Amino acid sequence: MNKESQYLPFSERTGEKSVVYFTRDLSGNGLKKVYSKIGERMKGKIAVKLHTGEQNGPNIIPPEWVKALIFDKIPGAVIVETNTFYDWERYTTEKHRKTLEINGWTFCPVDILDSEGTALLPIGKGKHMESISVGKNLLNYDSLLVLTHFKGHTAGGIGGSNKNIGIGCADGRIGKAQIHQREGSDDMWSIEKEEFMERMTESAKGTVDYFKENIAYINVMRNMSVSCDCEGVGAAPVVTPNIGIISSVDILSVDQASVDLVYALKEGDKHDLFERFETRHGFRQLSYMKELGMGNDRYVLIDLDNGEKEISAEEAVKDVVPFCI
């Protein structure tokens with residue numbers, strides 16, 4: 001495994017620091033609390049990108065939390081998604097609409113971005129791609145709130161904000177193939193390990209660069225299975241304790257802080273999720289974001305529950321309790 005794919009302790013990182021906001025309040029009010037610190041970036045027509053999940057998935061962000069956030073803080077916002085690369089419950093727009101209804105995403109409009117075609121976003125200095133194919137409707141929005149259920153991922157290891165937009169804004173046929181499938185291969189999952197992390201990150205960079213100053217990130221650290229929400233009811237049982245919700249205007253900082261919060265847990269609590277990060281080479285997402293200039297891996301963690309004082313990851317998780325259903 002390359003050095004760039006290994007966990008880098010905070011003390012060994014260099015560069016500037018960004019601000020990450022933290023609350024232990026896992027609820028709609030908690031979402032509103034962290035959003036209030038980054039919401040000034042949301043202008044004009046606002047899209048909310050989240051993983052709406054396969055049918056009856058047990059670990060998705062509760063729709064009632066998202067409803068509370070949108071109705072109170074972002075009236076008029078639209079949830080956005082794309083169809084999947086694999087043939088299952090969200091493979092076509094028709095199937096996707098049915099799944100959205102079953103999972104409770106009925107309280108505001110949901111725009112399936114690739115339902116009317118695709119568009120290309122430039123990436124710039126990527127190693128693998130010059131542009132990424134995304135759902136065309138993404139270009140109809142002025143701002144993007146990346147609202148992520150932080151978790152593991154079968155192939156990517158880390159299912160954070162980078163994965164949410166890197167895979168989640170790529171359209172279901174062309175863009176996702178650019179990330180997952182080597183040209184000419186019959187194996188739709190033929191790109192893996194470091195190259196998969198890099199392609200996913202390059203894809204995310206296309207979206208980050210497109211929205212410029214009008215993009216912000218929230219990671220919800222609840223029901224953190226080692227499995228992605230794309231596995232639905234087949235996701236591995238959750239064993240990692242719930243931690244809280246964090247937000248930032250820096251995509252690298254929000255994902256790095258999420259990883260650090262997991263790393264700060266007791267060994268038995270973090271073992272399964274951290275093993276998933278590591279064995280899938282997931283830390284390459286973080287190091288490559290830094291190489292591409294997408295943000296900072298150093299940050300100041302602000303405790304919104306205690307007078308907005310600066311705290312460490314260890315302080316943030318010292319009172320977590322074992323996960324229970």
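Predicted model: local features only at pLDDT ≥ 70, side-chain atom pairs only at ≥ 80, totals over all residues.
Which residues lie nearest the centre of the largest pocket?

**View 1. The largest pocket and its lining.** His153, Ile167, His180, Trp189 and Cys230 lie nearest the centre of the largest pocket. They belong to a lining of 28 residues. The space within this pocket amounts to about 500 Å³. Three helices, α4 (161-166), α5 (175-180) and α6, each contribute at least two residues to the lining.

**View 2. The open sheet of nine strands.** The strands of this sheet follow the order β4-β3-β2-β7-β10-β11-β1-β12-β13, and their pairing is mixed. β4 and β13 (309-311) are the edge strands, each pairing on one side only. On average, neighbouring strands of the sheet are turned by 30° against each other, direction ignored.

**View 3. Strand β7 and its burial.** Seven of the seven residues of β7 are buried, so this strand is largely enclosed by the rest of the structure. In a regular strand, side chains alternate between the two faces of the sheet. Both faces of β7 are covered. Ser143, Leu145, Leu147 and His149 are buried on one side, while Leu144, Val146 and Thr148 are buried on the other.

**View 4. The strands paired with β7.** Strand β2 (residues 46-49) pairs with strand β7 (residues 143-149) in the parallel sense, over four bridges. Within this pairing, isoleucine 46 stands opposite serine 143, and alanine 47 stands opposite leucine 144. β7 also pairs with β10 in the parallel sense, over six bridges. There, isoleucine 215 of β10 is the bridge partner of leucine 144.

**View 5. Helix α6 across the sheet.** Helix α6 (residues 193-211) lies across β7 and β10 (215-221). The helix runs at about 130° to β10.

View 6. Glycine 104, which follows α3, has a positive phi, near 90°.

Key
Residues numbered from 1 in each chain as written. Heavy atoms only, no water. Pairing = 2+ DSSP bridges. Axes fitted to C-alpha atoms, helices over the stretch in contact; angles between N-to-C directions. Contact = heavy atoms within 4.5 Å. 1 Å grid on protein atoms, 1.4 Å probe; cavity = no way out; pocket = protein on both sides within 12 Å on 5 of 7 lines; lining within 4 Å. Points joined across faces, edges and corners; volume = space filled by probe spheres on them. Buried < 20%, exposed > 50% of the residue type's maximum accessible area, 1.4 Å probe, protein only.
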